[in-house]
Amino acid sequence: MKYLLLYINWNPSLTFGPFRWYSLCWLIGLALAYFIVRKLFKEQKIDERTVVNNGKKEVVNVFDPLFIYCFIGILVGARLGHCLFYQPDYFLSSGKHIVEMLLPIHFLADGGWKFTGYEGLASHGGTLGLMIALFLYVRWSKLNVWTVLDNIAIATGTTACFIRLGNLMNSEIIGKPTDVPWAFIFERVDMVPRHPGQLYEAIAYAVLFIIMWYLYRKSRQAGSSIPQVGTGFYFGLCLTYIFAFRFLIEFTKDIQEDFEADMLFNMGQLLSVPFVLLGLACMVMGVRKKKKEGI
């Protein structure tokens, strides 16, 4: 092909020492989000609250449990999202397959089983699981729901970026064949130059974090016209940006399941639309709050 010498032959090892690259990227992404949100909570002085226990006042750390809520919500939501949105015919077909949906194992034909890890996680399900987990966290912590959602949204770009880098290291969620000079040849899949859709998304989410951090810092300056944390603006911007980009980038990506072959818009695009609409509504609400309350 025209740009053959510029194509990137991609066939990295699946592991880095004792770690799988995919798991390591998830860990790095979650760790970065943890430290970023902790900094935001401390800066806004909402990481602790005072409670009365047996007539005595005690200071309770309300930040640390947030990580557990988020981790479980993302993992459970992403796993169920993949199984129910993309492969319901398999996972709902028997009791063993339902177990495989919930546990990282695969039952063998001889009656045994093997550990596989969670092979299949959907970002739409992960987002929905995270939102449910955050609402449960808010009920426990008594913090303002929009404050929590906005702070998580500011850090989300870092986690999303590293998850997609993990997909790239796994040579999964590959793009359609192309002759663009930056095409990747995923050797574990085939020898066809393809769009590196995972890399497109990783770069886009890194840019999202830069934008969010800039807006957040500007919003804290005196006289700023940018809505502050607690208005829902950052949560809305995060949803709108990620899922609008996801909708567009799907045009460069190969289908994940056979049933998508004859669809005008694939499952990832259809599932993105409600999140974009919700995000736009939250952004409008945040701007209106800023104008009405001057916050």
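1. Buried means under 20% relative accessible area, exposed over 50%, and partly exposed in between, with a 1.4 Å probe and protein chains only. By that rule, both Lys253 and Glu201 are buried. Their side chains meet in a salt bridge, 2.9 Å from N to O. A salt bridge here is a side-chain nitrogen of Lys or Arg within 4 Å of a carboxyl oxygen of Asp or Glu.

2. A word on the basis. This is a predicted model, in which local features need pLDDT of at least 70, side-chain atom pairs count only at pLDDT 80 or more, and totals for chains, interfaces and linings use all residues. Residues are numbered from 1 along each chain as its sequence is written, and side-chain values use heavy atoms, with hydrogens and water left out.

3. The structure holds 8 salt bridges. The pair Lys253 and Glu201 links distant parts of the chain, 52 residues apart. Lys253 lies in the loop between helix H8 (233-249) and helix H9 (267-293). Glu201 belongs to helix H7 (residues 197-219). Helices (H or I, at least four residues) and strands (E, at least two) are DSSP runs, numbered from the N terminus.

4. Lys253 has another partner. Its side chain also meets that of Glu250 in a salt bridge, at 3.0 Å from N to O. Glu250 in turn forms a salt bridge with Arg246, with the closest N and O atoms 2.5 Å apart. Arg246 is buried at 3% relative accessible area, and Glu250 is buried at 5%. A network of salt bridges links Arg164, Glu201, Arg246, Glu250 and Lys253.

5. Now helix H1 (residues 21-43). Its 23 residues reach 33 Å from first C-alpha to last, close to the 33 Å expected at 1.5 Å a residue. The expected span is 1.5 Å times one less than the number of residues. Buried residues of H1 include Trp26, Leu30, Val37 and Phe41. Among the elements covering the buried residues of H1 are helix H2 (64-86), helix H5 (123-141), helix H6 (145-169) and H7. After H1 comes Lys45, with a positive phi near 60°.

6. Last, the sheet. Three strands form an open sheet in the order E1-E8-E9, with mixed pairing. Strand E1 (8-10) and strand E9 (193-194) stand at the edges with a single partner strand each, so one side of each lacks a neighbour in the sheet. Strand E8 (residues 184-186) and E9 run antiparallel, joined by 2 bridges. Two strands pair if DSSP finds at least two bridges between them. Phe184 stands opposite Arg194 in E9.

Methods:
Contact = heavy atoms within 4.5 Å.
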